[in-house]
Amino acid sequence: MTAQDLAFDRHHLWHPYTSLRNPLPTYPVVAAAGCELELADGRKLIDGMSSWWCAIHGYNVPELNAAAKVQLDHMSHVMFGGITHPPAVALARRLVEITPGALQRVFLADSGSVSVEVAMKMAIQYQYARGERGRNKFLTFRGGYHGDTTGPMSVCDPVNGMHVLFAGFLPTHHFVDRPPAGQHTPLDKSYLRSLDELFTKHAHESAAFICEPGVQGAGGMHFYNLSYLDHVRRLCDEHGLLLIYDEIATGFGRTGALFVSEIAATPDILTLGKALTGGYLTLAATLCTDHVAETIGNSDVPNLMHGPTFMGNPLACSVAVASINLLFSRDWRAQVENIGQLLDRYLAPAAALAMVTDVRVLGAIGVIETEQPVDQAVIQAFFVDEGVWIRPFGKLIYLMPPFVITDGQLRQLCAVVIEACSVPKNFSAA
């Protein structure tokens, strides 16, 4: 890329979550392979982000390349209305096979945020089909993040999230404090009572409880005890609500389980995305139980009222099937366990640093929380100079590397993070 290209980019292209007046620097990537990104000037960066958590197999993966090329010779896209095709059927078959057994119906969407929109509409339509006309609200934890379109924004954290600006525009829903931190901390009885109170007060007007199971991702990399979801499941059953899990970030092995929903209370609706295609193409899925689907289907409005243009895109579906097959062809559990052990070892020294308030690891997720928000532009430049790609936000410097990362690459990522958090270097935005 030329200097003119970068100038054009800065003036004309919108990048996510950055100022239009003074945007964060952008780094031109011209190629990627394995766990490395190649910059236009020839430098290579070890990727600690999996391109926002989706490139679990790394980049330029032969098996996924081959699946895309084969499908291109047949068709890249065809509408899904009134038409079906082998890649969509193959993907749905695999998703039904590998997700919790009760989840039998598959809606293929074109992005994670849209899959959450579909889940929310599905829940409201389910309640309508049951004759519950006033149930159009949602219950959820504070601190959550479910996407940037309207429905998902409305169930993200309403105060500390990224969407405060839109408060007057968004529908209002009902929030409870997020569960106490720590996946192994004993259950807090007072917190369980707060869940009881939330349902007692608002269940009559609510369609479902929606949450990220076990790990709140972009809302703060907050880990909590899955047993709280057992209590939520009981309350949903008692009060006639559906339970929706957003596993867009946690699905396909990131936490050490294939899906958190296979080790937690089973949801009625599940959303998947990000790693679904191994980072190659945008695709997502919303799965639900036969009960949910048949309740809607047997009502006076039997059609699920949603239909994205690129729903069931054959190219994306083919790559998704290849990605799932590739995941299962490897010992992914051992890969994730090894990454977790190394993150525990290599990030542990950060706990003694003055600017660090917490270090936590779950599966292939490593998080350092700092006392003050970091200056993203400054710390990003430092990381690039050190040969790694890590994109912190707020007070969080975190790693979600591809599952195929080598021990040496992971060691270097962690060493650079430790250096960034060490005195006398100071990357605080305060």
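Entry 1: I began with the second largest pocket, whose volume is about 940 Å³. A pocket here is an open set of points on a 1 Å grid over the protein atoms alone, where a 1.4 Å probe fits, with protein on both sides within 12 Å along at least five of seven lines. The volume is the space filled by probe spheres set on those points, which are joined across faces, edges and corners.

I noted that this is a predicted model, where local features need pLDDT of at least 70 and side-chain atom pairs count only at pLDDT 80 or more, while totals for chains, interfaces and linings use all residues. Residues are numbered from 1 along each chain as its sequence is written, and side-chain values use heavy atoms, with hydrogens and water left out.

Which residues lie nearest the centre of this pocket? I found H15, P16, T26, Y27 and W389 there, out of 37 lining residues; to count as lining, a residue has an atom within 4 Å of a point. By class I listed 22 nonpolar, 10 polar and 5 charged residues. Nonpolar covers Ala, Val, Leu, Ile, Met, Phe, Trp, Tyr, Cys and Pro, charged covers Asp, Glu, Lys and Arg, and the others, Gly among them, are polar.

Helix α1 (3–12) gives the largest share of the lining, 5 residues. I also saw β1 (29–33), β3 (44–47) and α2 (50–53), each supplying at least two. Helices (H or I, at least four residues) and strands (E, at least two) are DSSP runs, numbered from the N terminus.

**Entry 2: strand β7.** Next I looked up β7 (residues 206–211): is this strand mostly covered or open? I found 6 of its 6 residues buried, meaning under 20% relative accessible area (1.4 Å probe, protein chains only). Strand β5 (residues 137–141) runs parallel to β7, joined by 4 bridges; strands pair if DSSP finds at least two bridges between them. β10 (residues 242–246) is also parallel to β7, again with 4 bridges. I followed I210 across: its bridge partner is T140 on one hand and I244 in β10 on the other.

**Entry 3: an open sheet.** Last, I traced an antiparallel sheet of 3 strands, in the order β13-β14-β16. Its edge strands, β13 (356–362) and β16 (396–399), each pair on one side only. β14 (residues 365–370) is joined to β16 by 4 bridges, and G366 stands opposite L399 in β16.

Definitions and conventions:
Buried means under 20% relative accessible area, exposed over 50%, partly exposed in between (1.4 Å probe, protein chains only).
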